[in-house]
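Work through the two exercises below with the structure open beside you. Try each task yourself before you read the solution that follows.

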Amino acid sequence: MNLISLENISKNYSEKALLNNISLGINEGEKIGLIGVNGTGKSTLLKIIAGTEESETGTTIKANKVRIEYLPQNPYYDEEATVLEQVFKGTSSEMKLIGQYQDILEKINNTYDESLNNKLLSLQSKMDDLNLWDLESDAKTVLMKLGIKNFNQKVKELSGGQRKRVSLASALITPCELLILDEPTNHLDNDTIDWLEEYLNKFKGSLLMITHDRYFLDRVTNRIIELDKGKLFSYDGNYSVFLEKKAERLDLEQSSELKRQNLLRTELAWVRRGAQARSTKQKARLQRFDELVNADKNVIDEKLDISVGSSRLGNKIIEIHNISKTFDNKKVIDNLEYTLARHDRIGIIGKNGLGKSTLINILDGKIKPDSGEIEIGETVKIGCFSQDDSHMHPDMRAIDYIKEESDYITTADGSKITASQMCEKFLFDGTMQYTYIRKLSGGERRRLHLLRILMSAPNVLLLDEPTNDLDIETLNRLEDYLDEFKGVIITVSHDRYFLDRICNKIFAYEGRGKIHIYTGNYSDYIVYRENERIEFEEFDQSAPKEEKVKKEKPKNDKKLKFSFNEQREFDTIDNDIAKLEEKIEKLEGDTSKFATNFTKLQEIMNEKEKLEEELEHKYERWEYLNNLAEEIANQK
């Protein structure tokens, strides 16, 4: 069944054509990854499909009763709402009903009123009719999985990453036939990304998403669409299949381009000789020559092949001597001791909020450790790519921002590559180089900031989440560059593909500020972790940052508690699981008993499959309810 179709859609931004007469259909059961270079209009296309933005030409046809849920890159937040209230601020009828219920419940908790109580009873009846209590429980389960535990915390008290996860939870639990996600893996740690992969693989509806996470694309999608120079190219299969099919397409385009150029040379020679007469045949040949000249050229993406020159690294690079750091009475680094080697490529991993960026900032000299010291060799030249791009002046042109750092970069063989040439290698063509920074997309600004760091020719690179908001093509360029980089690389990243490609050591935050060091890339670490049953430390991001917050605003410190339905479920869930396991065990015995009766066997297998799905859901609910019970017990 076709859910939505776009026909001949076009959209421009200033003088730039983002979408050029494109058509697209999304069918039931499809899980689509949308990829393309930053600034080419991917987010704009999602907005048009979601109905939050209109195209300039073309039509959008949506099937009857198809519900679309959309998570934008920058969602709207009600600063005064609680986490749970924000989750239920969706536009669907179900979310509106739960939102009303939460609003009235909040008012009754503050001031009892008979009329409010009657409204609450009426809403409870409607929620019973629509069976929405599971939706409220699912919201809390998803929030817990995303690392949000204090459902009563105000949105204004959350970090940017926490807010994005709250919006993601809202999108995931809203009933819909088409779920649209714009960069859902940003601000998620590796374990949470693994959980989200599993969640979306079980999702019954259709999915359309933008993400730069190549492993995520490989494991979730069954179709890839690429937006390139205003045109859409569709490939059935996951990201690995896409790479194979795109390579085939580029080979064909390259062959066509070579034929076009050969024919153009032949026609050019004929034109230069001059036509002896103005016959109709000759006019047609001249017209064909014009068409060959003006035809769209199939420019083949080139691999970035630069043997980068950098200043010499001495024997002493960076020595870390028993450094420790504490924030808000929480130790984020505990007696870290390490001496960097010349060929170290270190990936720093761990849950959000544990202090990964703190380590980068200590190495860069922006903050000092509480104890211990950092010794930096005299030949070390550090380049630090941070998540903050506030230093970029909006009224500066892109090329001037790069030239402010350096006019050229020297390669290992002593030749020079100009700032403009480097811009082109990082996908800033001649026109874009003279674009003002304020007109660049968020991903384009990140790419420009990264290029400026590389233009400084450092021999030690500190990269704090370098893959956030970068498109896959730019990531490929960056990885090609780093392959030839002769210095030390230390990177904080949640991009598993990037960590596998770049790193030969892993610094893992595994609990109470302890950083454990492993040799190998991220996949090697995961194998070791699974064998040794290592668990990351849980970080309570809902805790107030300072004790005085509790003293100043005691009325906002609401205690967690079970709802009536959650308490009832908690009391019976162990028995429910035991009964389901008994039923499944009995059916497994029946499969042998009715092995020769195909009709009966099929009925047994179908029933067993349903019970197993129900049991899996109960296991998830058991985990959530017991975690919540532990949280409630700990606050007493």
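**Exercise 1: a pair of helices**

In this predicted model, helix 6 (residues 160-173) packs with helix 7 (residues 190-202) at an angle of about 20°, and their axes are 12 Å apart. Determine how helix 6 and helix 7 are oriented to each other, and which residues meet between them.

Solution. Step one is to take the angle of about 20° between helix 6 and helix 7 and to recall that angles under 35 degrees count as roughly parallel. Helix 6 and helix 7 are therefore roughly parallel to each other, and their crossing is left-handed.

Step two is to look at the side of each helix that takes part: helix 6 brings Leu168, Leu172 and Ile173, which meet Trp195, Leu196, Tyr199 and Leu200 of helix 7. Sorted by type, the residues of this contact comprise 7 nonpolar, no polar and no charged ones.

**Exercise 2: a sheet and a helix across it**

Find the order of the strands in the open sheet that 3 strands form, and name the helix that lies across strand 10, strand 11 and strand 13.

Solution. Step one gives the order 11-10-13, with antiparallel pairing. Strand 11 (330-339) and strand 13 (371-376) are the edge strands, each pairing on one side only, and neighbouring strands of the sheet are turned by 20° against each other on average, direction ignored.

Step three identifies the helix as helix 11 (residues 356-363), which runs at about 130° to strand 10.

Notes. Residues numbered from 1 in each chain as written. Predicted model: local features only at pLDDT ≥ 70, side-chain atom pairs only at ≥ 80, totals over all residues. Heavy atoms only, no water. Pairing = 2+ DSSP bridges. Helix = DSSP H or I, 4+ residues; strand = E, 2+ residues; numbered from the N terminus. Axes fitted to C-alpha atoms, helices over the stretch in contact; angles between N-to-C directions. Contact = heavy atoms within 4.5 Å. Parallel < 35°, antiparallel > 145°, perpendicular 65-115°, else oblique. Left-handed = near helix turned anticlockwise from the far one by under 90°. Nonpolar A, V, L, I, M, F, W, Y, C, P; charged D, E, K, R; others polar.
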